[in-house]
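Have a look at the structure first.

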Amino acid sequence: MELTDAFWWFVLIGLGAQLIDGALGMAFGLVASSILLGMGLPPAAVSASVHTAEIFTTGASGVSHLAFGNVDRRLFLRLALPGMVGGVIGAWLLTRLPGDAIRPFVYAYLLVLAVLILLRAAGRAKPPREVKRVPLLGFVAGLLDASGGGGWGPMATSTLLARGGLARTTIGTVNASEFLVTLAISLMFFLSMGLDHLETVLGLLVGGMVAAPLSAVLVRHVRERWVLGAVGVLVAAISGYNIVRAGLTMF
């Protein structure tokens, strides 16, 4: 495979996306997919490329978080296994059905979660002691992640943080469980449509692998209130932008 000048742009995209994702528990898929779609790649190919690269970036990130003690192993299993089932179904649907209709509702939900997270960061909201229905959350997050090219982190991390999860272990566990979910999604894409855009995959992979250990160190040493604030602002910005874009498209 002959690499072009675009390869180094893909490396930078992977580096930046994984640095954000590993430190905040979300946004690799959203950041990478948004930029790649803007570069003109088709949606199914973008989702397949991003998830293939994420097999390696989430693996490296998960190992890093595990090494630094950021993973809740019980939560990991309750989140990852249903997420794999939802991811396989979402990947199958993306190759057959348009998934744009439901996205405004998903982003509206995320916007509500962002407000709750920002209130918690400001000390204005007291979260419950235990997060319930984790398997259902994993299934829905996996489904949306595969069908939208990103969504596992925003859905899983935002919900768990809004419901009282500790920032360090929530982000570490979501990142670690994403490896299994991404592996299941990528295998489904490969069986359904093969694998193209290897240069894109390789660039995202190289950049993401470099950033994974750095982000695991960041989340361990940054104050929880700062992490919550950053997550809340990021989710609010992403969801608000997409709600406005969906409204402009309709009219």
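Is Leu-12 buried or exposed? Leu-12 is exposed, because its relative accessible area is 51% (exposed means over 50%, buried under 20% and partly exposed in between, with a 1.4 Å probe and protein chains only). This is a predicted model, in which local features need pLDDT of at least 70 and side-chain atom pairs count only at pLDDT 80 or more, while totals for chains, interfaces and linings use all residues. Residues are numbered from 1 along each chain as its sequence is written, and side-chain values use heavy atoms, without hydrogens or water.

Leu-12 sits in helix H1 (helices are DSSP runs of H or I with at least four residues, numbered from the N terminus). Gly-14 also belongs to helix H1, but Gly-14 counts as buried because its relative accessibility is 0%. Gly-14 touches Phe-28, Leu-204, Gly-207 and Gly-208, leaving aside residues up to four places away in sequence (contact means heavy atoms within 4.5 Å). The C-alpha atoms of Gly-14 and Gly-203 are 6.8 Å apart, although 189 residues separate the two along the chain.

The largest nonpolar core has 18 residues, and Leu-79, Ala-91, Trp-152, Leu-160, Val-174 and Ile-185 have the most contacts inside it (a nonpolar core is a set of buried Ala, Val, Leu, Ile, Met, Phe, Trp, Tyr and Cys residues joined through side-chain atoms within 4.5 Å). Helices H4 (73-94), H6 (134-148), H7 (152-162) and H8 (167-193) each give two or more residues to this core. A second, separate core has 12 residues, including Phe-10, Leu-36, Val-46 and Val-201.
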